[in-house]
Amino acid sequence: MKGRRSARAPLIWIALALAIGVPIALAAGSEQLTWRGPVYILAGFAGIIALGLVLAQPLLIGGYLPGLSAYRGRRAHRWIGGALALAVVIHVAGLWITSPPDMIDALTYTSPTPFSPFGVTAMWAIFIVALLALLRRRLGLRLRTWRIVHIPLAIVIVAGSVAHCLLIEGTMETISKAALCAAVLAATVKVMVDLWRRRTLRDSSIARP
């Protein structure tokens, strides 16, 4: 059993690297980049990287990445959460520089583009989680309270990010984009189900006489 797990370990990391790296590589070869400026390109790739980081988050918190202890996984989850917030800031700032009117419409939920409200909603959820994570100790949030707040916001982040990405017809290649979005959804659903099962088993064991 241990031999099988050790053999699967590099495959999991390779799969994660491909799920994130292939869409980025294919987007880098898009013909649409020819007509885009450097700031817009930077903003676009920051958004793609952000979606890749969203994929890593449930894998880390669920302990699915081999070679990382639970402690290291949680620390990595926090650091990547910060990197995710930074990537979103770069994404939004770059789009603001290239087209302020479009960003004003997006931020005020008046944009005619169908993907804008999903992206903006996910953005605010990311910022709220990042801010609460920074202030968690000062606010005295217990683990149970933190999870009650964090899990719904995480669902909003995942759903909004995936919808935002799928509705955009941009530099990302269609199949690799869909595969990355499917991986994000699958990883999120799995960690939610596993956490629910663990909590159910723990509560049932406590309830036993």
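Predicted model: local features only at pLDDT ≥ 70, side-chain atom pairs only at ≥ 80, totals over all residues.

**Entry 1: charges.** The protein chain has 22 positive and 7 negative charges, and their mean positions lie 25 Å apart.

**Entry 2: the overall fold.** Next I went through the secondary structure. I found seven helices and zero strands in the protein chain. Read from the N terminus, the elements go α-α-α-α-α-α-α. I then checked the radius of gyration: it is 19 Å, close to the 17 Å that the globule rule gives for 209 residues, so the chain is as compact as a globular protein of that length. Along the principal axes, the C-alpha atoms fill a box of roughly 65 × 45 × 25 Å.

**Entry 3: surface and contacts.** I looked up the accessible surface, which comes to about 13100 Å² for the protein chain, with 69% of it belonging to carbon and sulfur atoms. Of the 209 residues, 34% are buried. I also looked at contacts with a separation of 6 or more: residues 24 or more positions apart account for 69% of them.

**Entry 4: the core.** Which residues have the most contacts inside the largest nonpolar core? I noted Leu55, Leu59, Leu84, Val88 and Val184, in a core of 41 residues. Each of the helices H1 (2-28), H2 (38-61), H3 (70-98), H4 (100-107), H5 (116-139), H6 (143-167) and H7 (174-207) supplies at least two residues of this core. The largest share, ten residues, comes from H2. A reminder to myself: in soluble globular proteins, nonpolar side chains tend to be buried together.

I then picked out leucine 55 and listed its partners beyond four places in sequence. They are Leu16, Ala19, Ile20, Leu180, Ala183, Val184 and Ala187.

**Entry 5: glycine 52.** I stayed in helix H2, where glycine 52 lies. Its relative accessible area is 1%, under the 20% cut-off, so glycine 52 counts as buried.

**Entry 6: lysine 177.** Is lysine 177 buried or exposed? I found it buried, with a relative accessible area of 8%. Lysine 177 belongs to helix H7. Leaving out residues up to four places away in sequence, lysine 177 touches Cys165, Leu166, Ile168 and Met172. I also looked towards leucine 16, which is 161 residues apart from lysine 177 along the chain; their C-alpha atoms are separated by 14 Å.

**Entry 7: histidine 150.** This residue is found in helix H6. Histidine 150 has 18% relative accessibility and the cut-off for buried is under 20%, so histidine 150 counts as buried. Beyond four places in sequence, histidine 150 touches His77 and Val129.

**Entry 8: threonine 121.** My last stop was helix H5, which holds threonine 121. At 33% relative accessibility, threonine 121 falls between the 20% and 50% cut-offs, so I put it down as partly exposed. What does threonine 121 touch, not counting residues up to four places away in sequence? I wrote down Tyr109 and Val156. Threonine 121 and tyrosine 109 are twelve residues apart along the chain, and their C-alpha atoms are separated by 9.3 Å.

Definitions and conventions. Residues numbered from 1 in each chain as written. Heavy atoms only, no water. Helix = DSSP H or I, 4+ residues; strand = E, 2+ residues; numbered from the N terminus. Rg over C-alpha atoms; globule rule 2.2 N^0.38 Å. Buried < 20%, exposed > 50% of the residue type's maximum accessible area, 1.4 Å probe, protein only. Contact = heavy atoms within 4.5 Å. Areas by Shrake-Rupley, 256 points an atom, 1.4 Å probe, with all protein chains shown as cover. Lys, Arg positive; Asp, Glu negative; His and termini not counted. Charge placed at Lys NZ, Arg CZ, Asp CG, Glu CD. Core = buried A, V, L, I, M, F, W, Y, C linked by side-chain atoms within 4.5 Å.
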